[in-house]
Amino acid sequence: MVSPILANIYLHELDEFMEQKKQEFDHGKRRSPGTEWSNVSFSLTYYRKRTKVLQGNTDPETSIKIERYQQKIRELSDRQKRLPASDPLDPDYRRLFYVRYADDSLIGIIGSKNEAETVLNAIQNFLNTVLKLEISIEKSGIHHAKEGTNFLGYVVQNYSSEKLVKIHREQYTKVVATRRTVKERLQLRVPQRKMSEFCQRKGYGSFEELRPSARPGWVQMDDAEILLAYNAEMRGLANYYALANEAKTGLSRLMYVAKSSFLATLAWKHQSSISKENSRLRQERDMTVLTSTKEGKPKRYTLFTLRDWKPPQPKEGVDKMPTTAHLRFGRSTLDQRLNAKVCESCGKEGGYFEVHHVRKLKDLQGKEWWEQVMSYRKRKTMVLCNECHDLLHAHKLSNRQKKF
């Protein structure tokens with residue numbers, strides 16, 4: 001596709017405009033210290049100096065006073081760690097950040113909402129008058145950093161944590177100190193709405209209710225093919241969101257539904273149940289399918305899990321969503337499929353079957369699952385029972401669901 005290249009060429013003027021806008025907007029070297037944080041720091045310094053002066057005095061009253069000062073130091077130190085060290089609303093500190101990917105862009109502003117509106121109006125005016133473009137109203141707007149916004153499938157959101165962790169400073173002292181983990185930092189997060197949409201689009205089941213569904217279009221494949229198909233989709237999605245903070249946590253719910261959907265598909269295929277398939281395939285903590293190679297050697301396939309997943313580095317192409325359909329479907333001759341006497345849609349066995357033909361593979365649109373099957377198997381034919389063949393020509397085959 002050449003559209004991203006054309007977007008980069010045409011929007012180069014926007015990049016230059018935003019660079020100029022950034023130079024005009026940015027001012028201030030650093031934020032001023034927060035008033036409350038500064039007051040707490042001053043009190044800490046005072047009590048620490050007083051404690052140091054009184055150290056070594058064995059007088060009972062002095063010992064009580066030292067203990068009281070140390071308690072005060074602990075309280076102030078804990079309070080200080082929960083305060084911003086600088087003033088987030090410092091009027092003398094402003095920054096503008098701009099990033100663009102093809103025709104999608106994201107602008108971050110350290111400033112007021114009025115300043116954000118001014119920048120947005122300036123960009124709209126530039127696009128309308130110079131580039132003759134219009135901003136998408138549905139996708140554009142001003143969002144607070146704590147609310148977050150969507151960008152390239154991620155949620156860009158300001159994240160803050162009150163969690164404190166212990167640190168050991170053995171190089172300097174044996175005292176164990178504490179520090180806060182994250183305080184007001186922009187992060188990439190996995191959007192759960194996208195996970196729900198992906199789950200529904202792939203037919204895994206209900207994301208909200210954690211209720212899996214089988215995939216009837218895949219029941220004619222071998223167990224290993226079904227596992228590899230799920231692996232390709234699950235690993236591809238996980239790799240795409242590898243840049244997100246706490247990616248495994250954000251993906252865990254979807255991966256659970258996908259694993260259950262895999263077992264439900266095999267249960268449909270073997271006229272079994274999810275629990276029985278789970279017992280049959282489980283080896284320690286993994287779901288495993290055993291097959292044999294052409295030479296008769298055993299081969300083991302394991303279902304993808306986040307437990308053993310290592311997010312790839314950005315240079316490895318984490319933003320590439322793989323084409324996985326070609327992994328899902330094996331190839332066999334028409335005679336073999338006719339002799340199998342099995343409908344390739346609903347799985348019905350026995351009876352009378354018909355063969356659906358297409359003149360050219362390029363005529364397949366790829367929107368329906370059966371078109372994807374024929375396209376990626378490089379077939380112009382598909383064996384169907386009478387009912388499924390009639391549904392296909394009525395454009396209702398994708399809505400058919402097999403009863404358990």
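Thr 62 has a relative accessibility of 11% and therefore counts as buried, since the cut-off for that class is under 20%. The residue belongs to helix 4, which covers residues 60-80. Apart from neighbours within four places in sequence, Thr 62 is in contact with Leu 54 and Asn 57. These values, like the others in this report, come from a predicted model.

**Overall composition and confidence**

The protein has 404 residues, of which 36% count as buried. Its secondary structure consists of 12 helices and 14 strands. The mean pLDDT is 81, and 70 or more is reached by 80% of the residues.

**Packing of helix 6 and helix 8**

Helix 6 spans residues 192-202 and helix 8 spans residues 247-269; their axes come within 10 Å and cross at roughly 15 degrees. Because angles under 35 degrees count as roughly parallel, helix 6 is roughly parallel to helix 8. The crossing of the two helices is right-handed. On the side of helix 6, the contact involves Gln 192, Met 195, Phe 198 and Cys 199, which meet Gly 250, Leu 251, Leu 254 and Val 257 of helix 8. By class, the residues of this contact comprise six nonpolar and two polar, with no charged residue.

**Phe 207 and its surroundings**

Phe 207 is situated in the loop that links strand 8 (205-206) to strand 9 (211-212). Its relative accessible area is 6%, so Phe 207 is buried. Residues up to four places away in sequence aside, Phe 207 touches Gln 192, Met 195, Ser 196, Cys 199, Arg 253, Leu 254 and Val 257. Several of these partners also take part in the contact of helix 6 with helix 8, including Gln 192, Met 195 and Cys 199 from helix 6 and Leu 254 and Val 257 from helix 8. Ser 196 is 11 residues from Phe 207 along the chain, and the C-alpha atoms of the two are separated by 5.4 Å.

How values were computed
Residues numbered from 1 in each chain as written. Predicted model: local features only at pLDDT ≥ 70, side-chain atom pairs only at ≥ 80, totals over all residues. Heavy atoms only, no water. Axes fitted to C-alpha atoms, helices over the stretch in contact; angles between N-to-C directions. Helix = DSSP H or I, 4+ residues; strand = E, 2+ residues; numbered from the N terminus. Parallel < 35°, antiparallel > 145°, perpendicular 65-115°, else oblique. Left-handed = near helix turned anticlockwise from the far one by under 90°. Contact = heavy atoms within 4.5 Å. Nonpolar A, V, L, I, M, F, W, Y, C, P; charged D, E, K, R; others polar. Buried < 20%, exposed > 50% of the residue type's maximum accessible area, 1.4 Å probe, protein only. pLDDT = per-residue confidence, 0-100.
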